Amino acid sequence: MKKKAPSIQQIFSQANKLMFALAIIPLLISILLYSRQLFIYQRTVANIQEANAIAAKVDDTVLEEMWDVVTGQIPLKQYSKNSIVDELREDIFHIQENINTKGERSILDVALRIIDSLESYQEDILTNLSKENSYEKNKEVMVQVESVTQLLSDILQEFVRIEINLASQKNTEMIQSLMILSVVELMIVVGIIYFVRKNRRFLNERIQEPLNNLIHMSNELAKGHLGYRLALPQTPELSSLTESLNKMADDLTQLLEENALKQYHLAQSEVRVLQAQITPHFVYNSLDAIVSLIEQEQYEKAKEMTFALSDFFRISLSKGKDWISVDTEIKHIQDYLVILQIRYGEMLQFQIDVPDSLRNYQILKMILQPLVENAVYHGVKFNRRVGLIQVTLEEEESNLIFTVADNGIGIQPEQLEEIQEELAKGVDSDFSTGYGLYNVNKRLLLYYGSQAGIRLESHYRKGTTIRVTVPKRQEG
């Protein structure tokens, strides 16, 4: 079974516990080590002081008190109750409670045996005091007492020397312990630095990077890159958040796809309606012109106009197709201009310049006819000179650029500004006036999106130029 990844709270809890342990353990070790060494050192110093006190008592008090007893200055009963020998033994016993080494015990055992000898001599003195001629006998005993006392003093000094050596040893051990502890502390500091760096990498991998990825994903989604997705991180909270964000993006993508499909079908229906609005008045005028030509017995022109009108409708219908070749679209406007030229006579001229290499590209049908119609009815129709319509096509990288120019009346600056503002509205353009231009603009946006566009230039009393840019599109 896969081990469950720790949560953010658990990650920080574990990191805090480890940092606390790394901080408190060296402190506890230091306190324990130094307390033990200091206690042993202080106990050794106390033993030295007490041994020196006992040695001083031996040197200054033992012989003096025994001589006082021998000479009768201290009553026998009083001395028996407060024997100096008993005090020395108690002092040695007290020191024995504070020693640990075998050498210390051995030297104190010797001191106790000497005190036992001293006690034996003391009993001899007390025994002699109860007999005659005790002073002479006790003088002999005191010679032995002096010798034993000196030996006891030397033994105590030897004990002091041993304790001094122990104290020096403990001091050396404390210095060594300090050095070892310093090394340990240094190792712990290195360990903490290593852990901090490792923990930083761990936190960066488990928390910071997933958060940065989430921020980046949010920015990408905000920019419209709805296909952006993230792999689920190991941290439960961030994994849940990432999963929710991925699901939200999936849902949003699905909704947009459904909405786009609805918009496409709506656009298809709307385009059919827009196409139906283009030709009615032109049909009426053309039929009236044909009737007029027949009445004037101009049968050849009536025949030419009828064939042009028939071809015009054939291309307009295009068997229900939305896309036709550039060549077909040019034929469509050529039929249209032929019909108008028959109606207006020499007052209307046109020129069409389209390279053969560009005629096989596919374009949305009927995007030029409404613009040519505008050039005629809103441009050259108001001229007193011969009207000229020029249609050209050129390529620019991946785009085709159609140009429809006329030498008509042009557009006044105020009206031109209004038209430009209306064109900028795109699919929300108002069709109440000049619907041909706005119709084409809207159809371009519905089919090509932002890749297509119309640019309008006009100078009052000089003429108008319209440039239509569409992406190149091959057949199929």
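Trainee: In E4, which residue is the bridge partner of Gln-349?

Mentor: The partner of Gln-349 is Leu-388 in E4. Please keep in mind that this is a predicted model.

Trainee: In which sense do E2 and E4 pair, and over how many bridges?

Mentor: Strand E2, residues 348–353, pairs with strand E4, residues 387–396, in the parallel sense, and the pairing runs over 6 bridges. Another position to look at is Asp-353, which stands opposite Thr-392 in E4.

Trainee: What is the order of the strands in the open sheet?

Mentor: The order is E2-E4-E5-E7-E6, an open sheet of 5 strands with mixed pairing. E2 and strand E6 (453–459) each have a single partner strand and stand at the edges, so one side of each lacks a neighbour in the sheet. From one strand to the next, the twist averages 15°.

Trainee: Which helix packs on the sheet, and which strands does the helix touch?

Mentor: That is helix H9, residues 326–344, which touches E2, E4 and E5. The direction of H9 makes about 165° with that of E2.

Trainee: Moving along the sheet, in which sense do E4 and E5 pair, parallel or antiparallel?

Mentor: E4 and strand E5, residues 399–406, pair in the antiparallel sense over 8 bridges. Within this pairing, Ile-389 has Asp-406 in E5 as its bridge partner. The two strands E4 and E5 form a hairpin with 2 residues between them.

Trainee: Let us turn to another loop residue. Is Gly-408 buried or exposed?

Mentor: Gly-408 counts as buried, because its relative accessibility is 0% and the cut-off for buried is under 20%. Gly-408 lies in the loop between E5 and helix H11 (413–424).

Trainee: Leaving aside neighbours within four places in sequence, what is Gly-408 in contact with?

Mentor: Gly-408 is in contact with Gly-379, Val-380, Asn-383 and Arg-385, and also with Arg-461, Lys-462 and Gly-463.

Trainee: Now the helices. Why does the span of H4 agree with its 28 residues?

Mentor: At 1.5 Å a residue, the 28 residues of helix H4, residues 102–129, should span 40 Å, and the end C-alpha atoms are 41 Å apart, which agrees.

Trainee: Which residues of H4 are buried?

Mentor: The buried residues of H4 include Ile-107, Leu-108, Ala-111, Leu-112, Ile-114, Ile-115 and Leu-118. Glu-104, Gln-122 and Asn-128 are also among them.

Trainee: How do H3 and H4 cross?

Mentor: The axes of helix H3, residues 84–96, and H4 come within 10 Å and cross at roughly 170°. That angle makes H3 roughly antiparallel to H4. The contact is made by residues including Leu-88, Ile-92 and Phe-93 of H3, and Leu-108, Leu-112 and Ile-115 of H4. The residues of this contact divide into 10 nonpolar, 2 polar and 5 charged.

Trainee: Where is Ala-46 found?

Mentor: Ala-46 is found in helix H1, residues 8–71. Ala-46 counts as partly exposed, at 34% relative accessibility. The C-alpha atoms of Ala-46 and Glu-163 are separated by 9.6 Å, although the two residues are 117 residues apart along the chain.

Trainee: Finally, how many helices and strands does the protein chain have?

Mentor: The protein chain has 12 helices and 7 strands. Of its 476 residues, 41% are buried. Among contacts between residues at least 6 apart in sequence, 71% join residues at least 24 apart.

Terms used. Residues numbered from 1 in each chain as written. Predicted model: local features only at pLDDT ≥ 70, side-chain atom pairs only at ≥ 80, totals over all residues. Heavy atoms only, no water. Helix = DSSP H or I, 4+ residues; strand = E, 2+ residues; numbered from the N terminus. Expected span 1.5 Å × (residues − 1). Buried < 20%, exposed > 50% of the residue type's maximum accessible area, 1.4 Å probe, protein only. Axes fitted to C-alpha atoms, helices over the stretch in contact; angles between N-to-C directions. Parallel < 35°, antiparallel > 145°, perpendicular 65-115°, else oblique. Contact = heavy atoms within 4.5 Å. Nonpolar A, V, L, I, M, F, W, Y, C, P; charged D, E, K, R; others polar. Pairing = 2+ DSSP bridges.
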